[in-house]
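Hi everyone, thanks for making time for this. Let me put the sequence and the structure up on the screen, and then we'll walk through a few parts of it together.

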Amino acid sequence: MRHRRGQSPAMHTATGTAGPRPAPGSSSARAAGPGPHDDGDPVVTTDRLTKRYGSRTVVDALSLQVRRGEVFGFLGPNGAGKTTTLRMLLGLVRPTSGSATVLGRPAGASVAQVGALVEGPGLYPYLSGRDNLRVLARYAGVGADRVAAVLDTVALTDRAGDRFGTYSLGMKQRLGIAAALLKDPALVVLDEPTNGLDPAGITEVRTLLRRLVAEGRTVVLSSHLLGEVEQICDRVAVVASGRLLVESSVEELRGLGRLVVDARPLDTAVAVAGRLLGPDRVSVVDGALHLQAAPEETAAVNRALVTADVDVTGLRQEARTLEEVFLQLTDVDEAGPPEPAPRPRRLRRGTR
């Protein structure tokens, strides 16, 4: 089927058309680079990145770093500024102030090395998956061999001849990611890649993301699904109302586990645990002693309680979930409405 010159599917920077093509063998070169926990040159850096629409600040002085070879999660409630931040990293939105560098260059200048899927894959429903990718490959200036390669990467080769409109939501997401991989990018940026998927689709996308990292790529994804971020990501940045609340590894974010102790007399147990661990790590919930304690501290806690003639009838270690940490960091009820699209200049005096 013919397509008019200058017409392309409505996908936000799925492949990018500006800039030079990546050098052959770039995947191998990336695989030999630093690992996800190295402190070398970061792939993405923002410095007080800010975006305002009128009087509303959508992204507020955001400073963070993404390391090479990791899956970096951008976590926050709806309206937190996640999508706007990704758009600024891709050069689709101009920041009000602050700066961002991607792969060592100003945001938007490294489009040939960045693949992105923002707000879902907008592909032609009447074309097959393979033909959709061929259209994008032609606009991106890449060879037809890349179409077969990315279809294999996302495990869609068997369904490549079927129309895109017949795909399940999970398959559509995977084809969108395939489009983002056409130029063999070093950095892949995905906006809510598992949003709306059923458990099978989520598992497929999760497996795919890990495969991308194993190939030497860096993945940045936004999400409000805490369980998925916990299972997929190496490090996360938690944002709310456009502000960065914390940036760390998932394990560091969860911090100390929770030791739940059934003990009597309870007041004596509280006093003993407070002297041992510090009063700020001791609380009582539903008649049980809750202690912020690492697993290796369990024996010492038990020994101290028994020595103080406290009867310990139950003692179990519980890990804090990312959801618990997230709810402590941000008030979801005050997150506000979703991010607005920028108004066209000519409508600035009108009402909507």
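One more thing before we go on: what you see is a predicted model.

Asp162 has a partner, Arg159, and the two form a salt bridge with their closest N and O atoms 2.3 Å apart. Arg159 is partly exposed too, at a relative accessible area of 31%.

Now let's step back to the whole protein. There are 11 helices and 14 strands. Of the 352 residues, 47% are buried. The accessible surface is about 17400 Å², and 49% of that belongs to carbon and sulfur atoms. Here is a number about the fold: take the contacts with a separation of 6 or more, and 73% of them are between residues 24 or more positions apart.

H5 has 12 residues and reaches 17 Å from its first C-alpha to its last, close to the expected 16 Å. How many of the 12 residues of H5 are buried? The count is 10, so H5 is mostly covered. The cover over those buried residues includes E6, H3, H4, E7 and H6.

Let's zoom in on one residue of H5, Gln173. Gln173 counts as buried because its relative accessibility is 7%, below the 20% limit I mentioned. Leaving out residues up to four places away in sequence, Gln173 touches Leu117, Gly120, Pro121, Glu192, Pro193, Thr194 and Leu197.

On to the other sheet I'd like to show you. This open sheet has 4 strands in the order E2-E1-E4-E5, and the pairing is antiparallel. The edge strands are E2 (56–66) and E5 (105–106). E1 and E2 are joined by 7 bridges, and Thr46 stands opposite Leu64 in E2. These two strands form a hairpin with 2 residues between them, and Gly54 in the turn has a positive phi of about 65°. On to the next pair: E1 and E4 share 5 bridges, with Asp47 opposite Ser99 in E4. Finally, 2 bridges join E4 to E5, and there Val102 stands opposite Arg105.

Helix H2 lies across E1, E2 and E4, at about 120° to E1. H2 is largely enclosed by the rest of the structure, because 8 of its 8 residues are buried. Among them are Lys82, Arg87 and Leu89. Just after H2 comes Gly91, with a positive phi of about 80°.

Let me finish with charges. Side chains of opposite charge can pair when their charged atoms come close. Across the whole structure, a search finds 12 salt bridges. Asp131 and Arg134 make one of them, at 3.1 Å from N to O. Both residues lie in helix H3, 3 residues apart, which is about one turn of the helix.

Another salt bridge joins Arg281 and Glu297, at 2.8 Å from N to O. That pair links distant parts of the chain: Arg281 is in the loop between H9 and E12, and Glu297 is in the loop between E13 and H10, 16 residues apart. Arg281 is buried at 18%, while Glu297 is partly exposed at 23%. And a last stop: Arg258, Asp262, Arg316 and Glu318 are linked in a network of salt bridges.

Definitions and conventions: Residues numbered from 1 in each chain as written. Predicted model: local features only at pLDDT ≥ 70, side-chain atom pairs only at ≥ 80, totals over all residues. Heavy atoms only, no water. Buried < 20%, exposed > 50% of the residue type's maximum accessible area, 1.4 Å probe, protein only. Contact = heavy atoms within 4.5 Å. Areas by Shrake-Rupley, 256 points an atom, 1.4 Å probe, with all protein chains shown as cover. Expected span 1.5 Å × (residues − 1). Pairing = 2+ DSSP bridges. Axes fitted to C-alpha atoms, helices over the stretch in contact; angles between N-to-C directions. Salt bridge = Lys/Arg side-chain N within 4 Å of Asp/Glu carboxyl O.
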